[in-house]
Amino acid sequence: MDWLLIIVLLPLLAAAAVGFVPGSQRRAIRGITIGASGLSLLCALIAFLSFDVGGGLQFETKVVWVESLGLHFHLAADGINIGIILMGAIVAFAASCCADDITHRVKEFHILLNLMIGGILGAFASMDLFFFYFFHELALVPTFIMIGVWGRGANRNYATYKITLYLSLGALLALIGLIGVYVQTGAESFSIPDLIATVQESPIDESAQQWIFPLLMFGFGILASLWPFHTWAPLGYGAAPTATAMLHAGVLKKFGLYGIIRVAIPMAPAGAQSWLGVLAWLALANLLYCGLVAVRQKDLNQLIGNSSVAHMGFIFLGIASLNVIGLTGAVLVMIAHGLLAALAFGLSGHLYRQTGSLDMTRMGGLLRQMPLAGSALLMALLAGCGLPGFANFAGEVTIFFAAWSAGLKTITVIAAWSALVIGGLYMMRATRSILHGPRGDDWAKASDVSPLIATALGLLLAALLVFGFAPGLLTKSIENEVTKSVLLAKPAADASQAQATEVAGR
Amino acid sequence: MDGQLQFIQLEVMVVALGLLVLLADLFLSESVRRSLGYFAAGALGLVFLLSFRGSYVGLVDGEAFDGIYRLDGLALFFKRFFLLTAIFVLVFAVDFASRLRSGVSEYLAFILFALSGMMFASSANDFSLLFVAIELITVTFYILVSFQRHRMHSLEAGVKYLILGAVSSAFLVYGIALVFGEAGSLKFDVIREAHAGLLGSNVFLFGMLFVFAGLAFKISAFPFQIWAPDVYQGAPAPTTTFLAVGSKAAGFVLLIRLFGSVVPELTAQWTSMLMVVAALTILYGNLCALPQRNLKRLLAYSGIANAGYLLMGIVAQSREGTVAILYYLAGYLFTLVAAFMIINLLTREGEGEDISCLAGLNKRSPFLALALTLCAVSLAGIPPLAGFFGKFLLVKSVAAKAFGDVGYFALLAVAVFGVVVSIYYYFGIIRTIYWSKDTPDNSPVAIAWPTRIVLGLCVAAILYLGLLPNKPINWANAAAKIETVAK
């Protein structure tokens with residue numbers, strides 16, 4: 001079955017279907033959107049469960065798009081993206097459920113939401129560079145509009161402009177890097193497997209790699225809020241509607257990281273060798289600097305936004321170690337963080353609806369007031385500081401092993417310290433001021449989450465816990481794929497590293 | 001002679017149609033005259049269809065009038081391009097007629113004469129035809145620009161265009177004279193053979209530089225762009241559209257033919273200069289567009305920036321580059337026609353082309369709001385629309401030329417910078433449409449059905465060129481194949 005095609009097409013068809021429903025039919029519009037993303041999730045789950053580890057590319061759809069350029073509409077899953085697609089589908093479903101806080105122009109919002117979901121899932125499922133980029137932009141443009149029109153807060157216009165310009169710049173840099181890859185390999189094809197096969201035979205000229213890799217690294221890095229290009233993220237998420245923030249922080253932002261793992265490292269391994277040292281230090285800056293910024297926040301959304309930027313540091317660090325465990329851990333954290341960020345923004349969206357404010361100094365005692373949302377938030381905050389049992393822990397600890405064994409010892413020590421201490425500090429403070437203590441004055445009438453949202457958020461939590469207790473579900477297939485990339489970069493990579501992953505995976 | 005006339009049958013039909021319109025004006029009543037534009041557009045549609053006729057297409061790769069006139073894939077592509085542009089502009093002109101006050105039929109006829117000039121330009125294979133065609137375009141545009149005689153702005157624009165246009169014509173004709181002095185012929189075929197040996201001659205180089213300057217004026221490339229904002233703003237909207245699309249494309253078909261096929265060795269020698277011109281044009285256009293509040297002026301500056309992007313295709317000096325230019329121009333045609341038409345609909349009454357006239361457009365007419373949004377997004381080069389694919393091809397052609405070379409890299413960097421800047425001001429348009437607080441006018445917008453059809457066609461074409469590029473790329477490839485491009 002072409003599961004991926006169905007997964008990607010359903011939201012896009014839903015966007016078209018919503019277009020034909022009159023704007024007053026809110027229930028129908030919501031129903032179509034939730035139904036489509038629910039079906040997508042079901043298909044993603046089937047695909048994930050029937051995925052054959054070590055079976056190469058699966059669920060392929062390949063159609064010639066532009067013959068003269070070697071451009072194909074090519075969807076396929078391998079070990080790296082199957083987990084991300086599942087995560088994306090879960091987050092998409094949860095985001096659709098949480099989108100009922102939109103009260104004006106519901107129809108337009110849901111068209112954009114469906115487009116964004118289709119774009120996101122398509123970007124991760126694409127095996128063709130052009131569509132890889134195309135779908136990403138298809139998801140990005142609705143993001144900008146949604147923040148601009150349905151966003152909140154006084155400076156949403158500024159936030160819209162900032163996020164638009166930053167992300168466009170990142171996307172364009174990456175585009176030039178991608179075109180560079182296409183031109184330099186001489187493969188006359190945009191298909192990623194074809195390109196990888198070509199560079200295995202004859203790698204791209206080393207001097208060209210030194211251009212291509214930084215273009216891709218910084219281009220994709222800006223998309224994934226690499227320090228010092230991260231300032232759009234907390235601002236943008238603070239102003240975004242709930243569903244948009246969930247989808248962007250959860251899934252779309254991972255596109256940049258995915259691009260580095262999927263394209264930059266295999267295509268320009270020599271460039272990677274000389275630039276990943278820089279990336280490791282920038283990753284540290286993400287962890288340390290953004291972590292410290294998060295400590296100072298009084299607004300819950302700003303705190304989540306900054307901590308989510310800080311968490312990107314783990315993933316960058318995993319990538320920078322350029323070994324099998326590091327990349328495996330990076331993908332694992334991508335998935336874990338996606339679920340976590342969606343959960344956190346979903347909850348903060350619910351809180352915002354109650355009083356129109358996320359000022360943590362005015363909250364308090366909400367655990368008693370709203371037991372469901374409160375305990376979910378508690379678990380999200382604990383997962384955020386890397387408590388064992390949640391998927392984040394498995395990924396983060398793997399990355400520490402990887403960075404240590406890659407010789408980045410100083411960075412590992414500081415990173416571990418900052419992750420545990422700083423992360424613990426701001427998460428615990430948030431727990432105290434939001435959930436415990438006397439109830440804030442404005443919150444007397446606050447109500448708990450509706451059953452629909454509770455289901456959605458419960459799904460995210462469940463996934464976090466399942467992957468936390470059994471990371472092997474993901475790591476086995478990821479490992480298989482990233483080993484190939486690492487072998488391209490370091491032909492002499494020894495088997496002991498693969499062994500170490502096994503240990504970490506358990 | 002009979003066989004030779006076959007080659008110019010389309011041009012003859014267009015000129016005859018122009019004369020017919022002038023004649024009909026004498027005999028028709030006021031009310032019938034109003035729909036003369038639709039008749040002319042319909043007749044041009046017929047000419048457009050005739051250009052696909054087997055017996056005409058069979059003439060491709062032939063030459064007429066002693067090699068002065070060449071009909072190849074490139075010429076055919078551009079003839080169709082100009083015909084399509086003129087059809088849209090004529091429909092537009094009917095919409096605009098009430099504001100011209102007098103001489104509507106003459107206005108239509110001049111559009112047709114300018115069209116014939118453009119069609120001749122696409123086939124020019126000799127400096128004499130090149131000059132005559134360019135002058136035919138420019139002189140008719142002097143009139144078209146200043147057609148609203150009751151408006152100071154229109155007259156001012158006309159005078160500016162006249163003075164600067166005359167200077168550029170002087171450049172052009174002086175350059176041609178110098179080239180003739182060295183090469184001993186005006187024929188492109190002779191110059192093509194001889195030019196490699198003339199690269200050491202300063203007279204020849206100066207001549208070609210002046211010719212380039214003359215053409216750079218037509219496409220409004222830096223430093224010959226100064227006229228564009230004032231003229232675009234002051235001219236009647238259909239003229240602006242025709243100027244922005246048709247006249248610019250005419251400049252590009254000549255640049256492609258001349259610098260891509262006639263003097264490729266010289267182009268290779270001038271690569272750095274072309275790169276600098278392209279980069280400065282992109283920078284100037286985009287940076288100056290930032291503070292603009294007048295929509296026509298904004299589009300003028302964005303037009304300058306787009307000329308810079310298009311020049312990247314010339315810089316690439318390859319068939320890929322030419323294909324990219326053709327693709328980009330095709331997308332540009334539909335985008336600009338739609339954008340100018342919509343702006344015109346909203347400013348029907350007054351002079352106000354201020355960006356604030358878009359406020360609340362999504363409530364007044366969701367269709368227009370959607371169409372203008374698509375135009376802005378396409379111009380900004382965001383997938384999945386025509387503008388993105390055009391820019392993608394242009395960047396790819398430059399990257400393929402020499403990836404990693406610092407100069408090319410700088411050009412790509414400038415292009416990226418330009419695109420990011422442009423997103424800022426195109427986004428301003430979208431923002432005004434959808435979320436401006438002040439919406440003074442909430443009355444629905446009345447749209448005549450031919451205008452509606454043209455807008456619908458434009459939107460469909462923008463989407464088609466962006467989503468299904470397979471066939472259009474093959475057409476552009478076929479059109480660019482005829483060129484003898486230097487390796």
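Predicted model: local features only at pLDDT ≥ 70, side-chain atom pairs only at ≥ 80, totals over all residues.
Reader: How many helices and strands in chain A?
Author: Chain A has 21 helices and 2 strands. These are DSSP runs numbered from the N terminus (helices: H or I, at least four residues; strands: E, at least two). The C-alpha trace of chain A spans about 65 × 55 × 40 Å along its principal axes.

Reader: How much of chain A is buried?
Author: Buried residues are 63% of its 506. Buried means 20 or more other C-beta atoms within 10 Å of the residue's own; 12 or fewer is exposed, in between is partly exposed, and C-beta atoms are placed from the backbone.

Reader: At what angle do H2 and H4 of chain A pack?
Author: About 10°, with the axes of H2(A) (residues 26–49) and H4(A) (residues 106–125) 10 Å apart. Axes are lines fitted to C-alpha atoms, for helices over the stretch in contact, and angles run from 0 to 180 degrees between N-to-C directions. H2(A) and H4(A) are therefore roughly parallel. The cut-offs: under 35 degrees is roughly parallel, over 145 roughly antiparallel, 65 to 115 roughly perpendicular, the rest oblique.

Reader: Which residues make that contact?
Author: Among them are A:Ile29 and A:Ala36 of H2(A), and A:His110 and A:Leu113 of H4(A). Contact means C-beta atoms, placed from the backbone, within 7 Å. By class there are 6 nonpolar, 5 polar and 2 charged residues. Nonpolar is Ala, Val, Leu, Ile, Met, Phe, Trp, Tyr, Cys and Pro; charged is Asp, Glu, Lys and Arg; the others, Gly among them, are polar.

Reader: Switching to chain B. How many helices and strands?
Author: Chain B has 23 helices and 2 strands. Its radius of gyration is 21 Å, close to the 23 Å of the globule rule for 487 residues, so chain B is as compact as a globular protein of that length. Buried residues make up 60% of chain B.

Reader: At what angle do H20 and H21 of chain B cross?
Author: Roughly 165°, and their axes come within 10 Å. That makes H20(B) roughly antiparallel to H21(B). The contact includes B:Val395 and B:Val398 of H20(B), and B:Leu411 and B:Ala415 of H21(B). Its residues divide into 7 nonpolar, no polar and 1 charged.

Reader: How many residues of chain B are in contact with chain A?
Author: 25 residues of chain B, in contact with 25 of chain A. H20, H21 and H23 (470–481) of chain B each give two or more residues to that side. H21(B) gives the largest share, 10 residues. That side of chain B has 19 nonpolar, 4 polar and 2 charged residues.

Reader: Last one. Is B:Gly117 buried or exposed?
Author: B:Gly117 counts as buried because it has 26 C-beta neighbours inside 10 Å. B:Gly117 is in helix H7 (residues 104–123) of chain B. Leaving out residues up to four places away in sequence, B:Gly117 touches B:Ala133, B:Leu136, B:Ile137 and B:Thr140.

Methods:
Residues numbered from 1 in each chain as written. Chains lettered and ligands numbered in written order. Rg over C-alpha atoms; globule rule 2.2 N^0.38 Å. Contact = placed C-beta atoms within 7 Å.
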